[in-house]
Amino acid sequence: MRFWNEKAVWLTFMLSICCSTARTLEKLLRAKNVIFPSLINPSSYCCIRKLSYVNVYMKWKKDPSYDSIETIFRSPELKSLISLKNCISQAPSGCIPISDVSKRGKELGVPVKVAKFMRLYPSVFEEFVGPQYNLPWFRLTPEAIKIDVEEKAIYEDCRSDLQLRLKKLILMTREKRLPLRIIQGVQWYLGLPDGFLKNPEKNLDGSFRFVEMEDGDRALAVDCGEKMLSTLQKNLVGRGMCNGGWMEPIPFPLFPSRGLRLKTKISAWLDEFQKLPYVSPYEDFSHLNPDSDIAEKRVVGALHELLSLFVEHAAERKRLLCLKKYLGFPQKFHKAFERHPHMFYLSLKAHTCTAILKEAYNDAAAIERHPLFTLRKKYIELMTDSDRILKQRRLNKNLIYGQNADSISDINSEYRDEMAL
């Protein structure tokens, strides 16, 4: 009798453990959004998503074709060069003394002394002695003046396009507003000229308005009643492959680098990831579980759209951190670049990490090239020409020095002969 009582107690204990484990497992699976029959009530079902694999580690693979894009990697020095060019072109006389900009190096983003930087680009900046105190003055070369005139014409013709890019960036935020300091931090990527926000009557339409944020920052907000489609949705609508509806299972365009192979389990996860519903970066995402694959797809889609808005379709990864709070990105959203190497390429050139959208450089029809992209290439050609000019100057200097050294050697030889006689 005692044996049967102990057995009954043991069975009761094991049954309670099984029931508790079943309830815990059910809660866990329900939190992970799995399609499963209820363990407690077999007649009930829950329709949610599969287990995620978002914490995957992808091995980085170098791709020289992306590392050699000069418009991306000479962008920091080009930005400083254009800022100095604007200082000269806006001067009434078309030339300035070095004292006007020598103390503004940090403001203009010049990494060295301003005079030294300007002398590095003789095909852009022409140096001459000023009318007073023999100070060095600088003016633009004829080639630089020609490109500057073309640049101003592009800004006039593309004002509506620049407004749309800025509007889309603001509409991607949670509250449809963005601090001015954040906009100024990415205005080079968007193609906005210096002083774009200082003249709102000319550069902004009626859908923009300035507001004050809770922390005291001045921000730019957008009131837009029309539905905004992402670049990915617009391309598929144009091909008749989707209707731009909500939560459609839209796959991302993939462009694998040569020699980059994914593990089988990662490849299987990517196939399932492509079949998940696409959440547009302009739609509300507050209902999404931040730990789910759908939330991951929303982050990837937002990064795809963000880089699509940029002129070079690339940006330094650290520069995007300021947008994390306003675009609703998770704490380690930058790892999405690493987990999706078929969409993004991370370049480690020039001692920085640059995220590049592969689609922009592999499918010319997907994302239209902005006129500013071609214009910046012309400036970079002038910068390359400056390298050639400086190299030629060094060669001429060495040649002259060598000739002088030969003549001095001849004089010394004749002197030694005379002394011998």
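Predicted model: local features only at pLDDT ≥ 70, side-chain atom pairs only at ≥ 80, totals over all residues.
Residues are numbered from 1 along each chain as its sequence is written, and side-chain values use heavy atoms, with hydrogens and water left out.

Let me start with the three-stranded sheet. Its strands are arranged in the order β6-β8-β7, as an open sheet with antiparallel pairing; here helices (H or I, at least four residues) and strands (E, at least two) are DSSP runs numbered from the N terminus, and two strands pair if DSSP finds at least two bridges between them. At the edges sit β6 (177-179) and β7 (208-212), each of which pairs on one side only. Neighbouring strands in this sheet are turned by 30° against each other on average, with direction ignored, where axes are lines fitted to C-alpha atoms, for helices over the stretch in contact, and angles run from 0 to 180 degrees between N-to-C directions. Between β7 and β8 (residues 218-222) there are five bridges in the antiparallel sense, and R209 has A221 in β8 as its bridge partner. Helix α8 (residues 159-171) packs on this sheet, touching β6, β7 and β8, and its direction makes about 100° with that of β8; contact here means heavy atoms within 4.5 Å. Helix α9 (residues 180-190) also lies across β6, β7 and β8, and runs at about 80° to β6.

Moving on to β5, strand β3 (residues 95-97) pairs with β5 (residues 136-140) in the antiparallel sense over three bridges, with P97 standing opposite W137. On β4 (residues 125-129), the antiparallel pairing with β5 runs over five bridges, and E127 has F138 as its bridge partner. The hairpin of β4 and β5 has six residues between the strands, and Y133 takes a positive phi near 60° there.

What about β11 (residues 354-357)? Both of its faces are covered, since T354 and I356 on one side and A355 and L357 on the other are all buried, where buried means under 20% relative accessible area, exposed over 50% and partly exposed in between, with a 1.4 Å probe and protein chains only.

Finally, the cores, meaning sets of buried Ala, Val, Leu, Ile, Met, Phe, Trp, Tyr and Cys residues joined through side-chain atoms within 4.5 Å. The largest nonpolar core has 103 residues, of which L81, F125 and L166 touch the most other members. Helix α13 (residues 293-309) gives the largest share of this core, nine residues. Apart from this core lies another, of seven residues, among them Y66, I72, F73 and I356. As for L81, its contacts, not counting residues up to four places away in sequence, are F117, Y121, V124, F125, Y379 and M383.
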